[in-house]
Amino acid sequence: MRYISEGCAGVLYLNLSNTTVTNRTMRLLPRYFPNLQNLSLAYCRKFTDKGLRYLNLGNGCHKLIYLDLSGCTQISVQGFRNIANSCTGIMHLTINDMPTLTDNCVKALAEKCTRITSIVFIGAPHISDCAFKALSTCNLRKIRFEGNKRITDACFKYIHKNYPNINHIYMVDCKRITDGSLMSLSPLKQLTVLNLANCIRIGDVGLKQFLDGPVSTRIRELNLSNCIHLSDASIVKLSERCSNLNYLSLRNCEYLTDLGIEHIVYIFSLVSVDLSGTNISNEGLMSLSRHKKLKELSLSECYKITDVGIQAFCKGSLILEHLDVSYCPQLSDEIIKALAIYCIYLTSLSIAGCPKITDSAMEMLSAKCHYLHILDISGCVLLTDQMLEDLQMGCKQLRILKMQYCRLISKEAARRMSSMVQQQEYNPNDPPLWFGYDYEGKPLTKQEITPLKEDEEITVTDSIYSGEEEVV
């Protein structure tokens, strides 16, 4: 760092994450990098609160606008106070994986760093509503939280009252959030992204109140995965109010039926839908085929769909780029043939856990879908080395290939294929029991799919390598 500091005085961006820099380096920063704007000290645990005080020496780091302190668990409240004294111009703050982060740490920052517009606190379980009250002096535009059990509906009241210009809210897996939170957000006029995945207490009443406000006309991305109480009534409301919605995730919303799916068709701006783990059937897929503008569709673990439904959807989705039908073991070669005929612009495909897919279908896909970048065939136990040869011939843009539990694909063929892609995952072992079928693709009985006893162990050898690595 001394050599860099002496020769690179014009540095604007400095990423020191995962290094062993100490307080000595912290003394160099304000002295030699007066124009520094972006600094990452993520997972650097050798410096202390005292080192952060050095940021105010000399010319100081007063131009810093982005700071990442993820994983720096050694920093105390005093350390954050030192940052606030030195870097009052911070606008973007990222502090992930910080079990030691408390409301007092946030208060120490907020007292002088009033220009903060975005905060990311993923993995900060001790942050509570008080932190958002302390941040009321800032003009927040973006919030990202995850896995917090102390955040309640009161937090969203602070958001509505103090952050009228907020446009991005990511509050995932916050179990205490209820419909009241959505009601608080409804007056926001600038909100475009809302992610409340795994907030399991949210239901139709809250979403209706949310969509009755002006926010509904601006929202572009809405993720309600695992909000298990939502039903068709919510989808009807979405179709009536969200004229600019581009991305919608209703993953594992088990009360959603084909009747609700039919109303998704009327969200004309929609380009991406995730309906994985729902009860959608062929009838719902036929309804979706009328949309004609969808580019991404995820149907993982949708056991009611069959080849007929996928074929009908493909016929009406000529611009489809991403399809995920993983762990739908009832599907066969017919869906691959339909993709090859109608969806030639496909760039990403996951058929993991689909044991009926064979080489002949993949040969047709390779011959037609030349834009394929990502392919997951894990658990496709009937595929052989021939399939890899076809991919090499037809899919020259392939970058990521996953083929776990493909026992008929040899290590030699996998090694050759690794030179053609940037990332590859390969494992010749039999599929694990939870896949629900054996190494020949035959369904297992309920007696065969049993959890291991406490004294039993299982060993799985995974080989993940790139084009420059050898198969282990």
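Hi everyone, let's start with helix α15, residues 359-368, where the buried residues are Asp359, Ala361, Met362, Leu365 and Ser366. Why do they sit on the same side of α15? Because they cover an arc of only 155° around the axis. And what covers those buried residues? The list includes helix α14 (333-342), strands β14 (348-350) and β15 (374-376), and helix α16 (385-394). Before I go on, please keep in mind that this is a predicted model.

Next, a pair of helices. Two packed helices are described by the angle between their axes and the distance between the axes. For helix α9 (residues 204-211) and helix α10 (residues 232-241), the angle is about 10° and the axes are 9 Å apart. Angles under 35 degrees count as roughly parallel, and α9 and α10 are therefore roughly parallel to each other. If you'd like to find the contact on the screen, look on the α9 side for Asp204, Leu207, Lys208 and Leu211. On the α10 side, they meet Ala233, Ser234, Lys237, Leu238 and Arg241. Sorting the residues of this contact gives four nonpolar, one polar and four charged.

Let's step back to the loop between strand β9 (221-223) and α10, where we find asparagine 226. Setting aside neighbours within four places in sequence, asparagine 226 is in contact with Asn198, Ile200, Arg251 and Asn252.

For contrast, here is a residue in a strand. Threonine 94 belongs to β4 (residues 92-94). Threonine 94 is buried, with a relative accessible area of 11%. Which residues does threonine 94 touch, not counting those up to four places away in sequence? They are Tyr66, Leu67, Asp68, Leu69, Ser70 and Val120.

Last topic: backbone angles. Most residues other than glycine have a negative phi. Now look at aspartate 173, which is not a glycine and yet has a positive phi of about 60°. You'll find aspartate 173 in the loop between β7 (168-172) and α8 (179-185), and it is partly exposed, with a relative accessible area of 24%. Lysine 292 also has a positive phi, near 70°. Where is lysine 292? In the loop between α12 (282-288) and β12 (296-298).

Notes. Residues numbered from 1 in each chain as written. Predicted model: local features only at pLDDT ≥ 70, side-chain atom pairs only at ≥ 80, totals over all residues. Heavy atoms only, no water. Buried < 20%, exposed > 50% of the residue type's maximum accessible area, 1.4 Å probe, protein only. Helix = DSSP H or I, 4+ residues; strand = E, 2+ residues; numbered from the N terminus. Arc of directions from axis to C-beta. Contact = heavy atoms within 4.5 Å. Axes fitted to C-alpha atoms, helices over the stretch in contact; angles between N-to-C directions. Parallel < 35°, antiparallel > 145°, perpendicular 65-115°, else oblique. Nonpolar A, V, L, I, M, F, W, Y, C, P; charged D, E, K, R; others polar.
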